[in-house]
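This report goes through a protein model from its overall dimensions down to single residues. Please keep the sequence and the coordinates at hand while reading.

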Amino acid sequence: MSSQARSESQAMKAETSRELEALIRRRLGEAGGWMPFDAFMAQALYEPGLGYYESARVFGAAGDFVTAPELGPWLSLAVADFIQWGWEALGRPADWSLIEQGGGSGRLLCDVMAELARRGLAPARVIAVEASRWMRERQREAYAAMGLDVRQTASLDEIEPRDNALYFCNELPDAFPVRCFAWRGGAWRERGVVWRDEQDGRDGHFAWNERALDAPPAIDERLAAAWPDGYCSEWSPGLATWQQALARVMPRGYALCVDYGYAASEYYRPGRSEGTLLAHVGHRAVEDVLAEPGGRDITAHVDFTALTRAGRAAGIEPACWMPQGAWLAQSPAVQARVGELARAGGPEGMDDMAALRRLVMPQGMGELFKALIQVRGAPTAPPPWLERFDRLPALEHMP
Ligand SMILES: C[S@@+](CC[C@H](N)C(=O)[O-])C[C@H]1O[C@@H](n2cnc3c(N)ncnc32)[C@H](O)[C@@H]1O
């Protein structure tokens with residue numbers, strides 16, 4: 001992006017952010033001056049026309065962060081392996097559905113469809129579920145450019161139940177609005193948002209404020225027992241709603257979720273005393289999630305223990321869970337492509353190989369990101385090439 005285009009885009013961002021700030025302030029006033037953080041985050045990310053995912057230039061080198069679909073062919077190859085395996089485990093049905101949720105730019109679905117076509121695999125229908133209208137438009141352009149016939153919906157609730165469904169998402173649940181808590185004097189407090197007027201030379205701004213928490217989150221009390229006073233973190237009420245919606249849409253099928261996060265024992269370890277909530281702006285992670293609503297991405301890591309428990313409660317069983325590094329490195333298609341690049345030699349594959357290192361190395365995205373495969377109404381054995389790397393028992397481990 002040129003420097004003029006960049007400063008124009010920053011000016012637009014600032015204008016949109018001021019508009020959204022005024023809207024949230026009005027709603028705060030109507031709500032008595034306090035709102036839970038998930039309500040603030042939902043508006044900051046998804047307010048029609050103003051939220052971060054509704055207006056910003058988000059992904060890629062010119063955006064605020066780069067996600068795995070932009071880093072070479074690797075994610076799409078491993079996702080295609082998952083789909084082919086799931087389709088075979090379902091008995092190779094002629095009538096099957098492919099569903100992606102939260103596809104962002106649409107790049108991953110395009111790459112996955114190209115890879116499936118190379119394998120002669122053709123879903124009877126392809127559905128892309130994307131909450132943001134702005135992203136749905138970007139996706140529509142991407143699918144049209146590839147000549148793909150994709151049904152687009154805003155929510156899983158718009159889809160009728162699909163037997164033989166293969167579902168995938170990358171970096172979806174980290175974008176679900178979270179509620180925040182503080183642990184004080186052995187009691188739960190909820191951290192919400194208030195408005196502070198201009199004071200001591202500081203402009204008016206959103207600020208944190210605590211209240212008693214009526215119903216405590218479903219976090220194991222054994223973890224809370226080790227927390228220092230004032231420990232802060234968050235939990236994601238959206239996980240349960242999402243898994244219930246997925247269970248309804250997928251009476252029989254397999255789901256793959258890739259995202260950054262931990263087992264509960266790691267997520268809520270005593271040393272992680274400020275939680276995982278972060279904002280991203282211009283390729284930097286910043287801690288102030290209340291500033292510039294709509295101008296920065298807000299995310300929290302995924303508690304995979306809570307996710308798989310919510311799944312089980314909805315009738316979806318976990319089949320395997322592991323770091324992204326192991327999942328990608330074991331993928332037969334990834335291994336085959338690495339072999340091809342090595343045999344070809346030459347400089348062409350160097351960028352792709354550098355991207356692969358970033359995706360699989362523990363100090364890159366290989367350990368923090370995890371891959372979870374879940375199943376409903378079908379055999380629960382994981383893909384054979386992943387069996388040895390499964391870490392599902394760690395999700396229920398308590399220190
Ligand atoms: C962090 S982005 C990831 C985008 C893409 N999967 C990637 O890896 O580049 C999260 C995406 O999920 C979408 N999203 C968030 N909540 C959603 C929901 N409940 N249903 C569908 N899409 C959702 C956002 O609008 C955004 O496009």
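## Basis of the model

This is a predicted model, in which local features need pLDDT of at least 70 and side-chain atom pairs count only at pLDDT 80 or more, while totals for chains, interfaces and linings use all residues. Residue numbers start from 1 along each chain as its sequence is written.

## Overall dimensions

The protein chain contains 14 helices and 16 strands. Both are DSSP runs numbered from the N terminus: helices are H or I with at least four residues, strands are E with at least two. Along the principal axes, the C-alpha atoms fill a box of roughly 65 × 55 × 45 Å.

The radius of gyration of the protein chain is 21 Å, which agrees with the value near 21 Å for a compact globule of 399 residues. That radius is taken over C-alpha atoms, and the globule rule is 2.2 Å times the number of residues to the power 0.38.

Of the 399 residues, 44% are buried. A residue is buried if 20 or more other C-beta atoms lie within 10 Å of its own, exposed if 12 or fewer, and partly exposed in between, with C-beta atoms placed from the backbone. Among contacts with a separation of 6 or more, 81% join residues 24 or more positions apart; a contact means that the C-beta atoms, placed from the backbone, lie within 7 Å.

## Helix 6

Helix 6 (residues 133-146) has 14 residues and reaches 20 Å from its first C-alpha to its last, close to the 20 Å expected at 1.5 Å a residue. The expected span is 1.5 Å times one less than the number of residues. Met-135, Gln-139, Ala-142 and Tyr-143 are buried in helix 6. These buried residues line one face of the helix, because they fall within an arc of 95° seen down its axis. The arc is that of the directions from the helix axis to the C-beta atoms.

The cover over the buried residues of helix 6 includes helix 3 (52-55), helix 5 (107-118), strand 3 (125-129) and strand 4 (151-153). Glu-141, Ala-144 and Ala-145 are exposed on the face turned away from the buried side. Gly-147, with a positive phi near 70°, follows helix 6.

## Helix 13

In helix 13 (residues 350-360), the buried residues are Leu-356, Leu-359 and Val-360. They cover an arc of only 80° around the axis, so they sit on the same side of helix 13. These buried residues pack against helix 4 (74-89), helix 11 (324-330) and helix 14 (362-366). Met-350, Asp-351, Ala-354 and Arg-357 are exposed on the other side of helix 13.

## Ligand shell

The ligand is surrounded by 17 residues, of which the closest are Thr-67, Gly-102, Gly-104, Ala-131 and Ser-132.

By class, the shell has 8 nonpolar, 7 polar and 2 charged residues. Ala, Val, Leu, Ile, Met, Phe, Trp, Tyr, Cys and Pro count as nonpolar, Asp, Glu, Lys and Arg as charged, and the others, Gly among them, as polar.

## Two single residues

Phe-369 is in strand 16 (residues 369-376) and counts as buried, with 23 C-beta neighbours inside 10 Å. Leaving aside neighbours within four places in sequence, Phe-369 is in contact with Val-258, Asp-259, Tyr-260, Pro-323 and Gln-324. Phe-369 and Tyr-260 are 109 residues apart in sequence, but 3.9 Å apart in space, C-alpha to C-alpha.

Lys-13 is in helix 1 (residues 3-30) and counts as partly exposed, with 19 C-beta neighbours inside 10 Å. Its C-alpha atom is separated by 9.2 Å from that of Leu-50, 37 residues apart along the chain.

Methods
Two residues are in contact if their C-beta atoms, placed from the backbone, lie within 7 Å. A residue is near a molecule or strand if its C-beta atom, placed from the backbone, lies within 6 Å of it.
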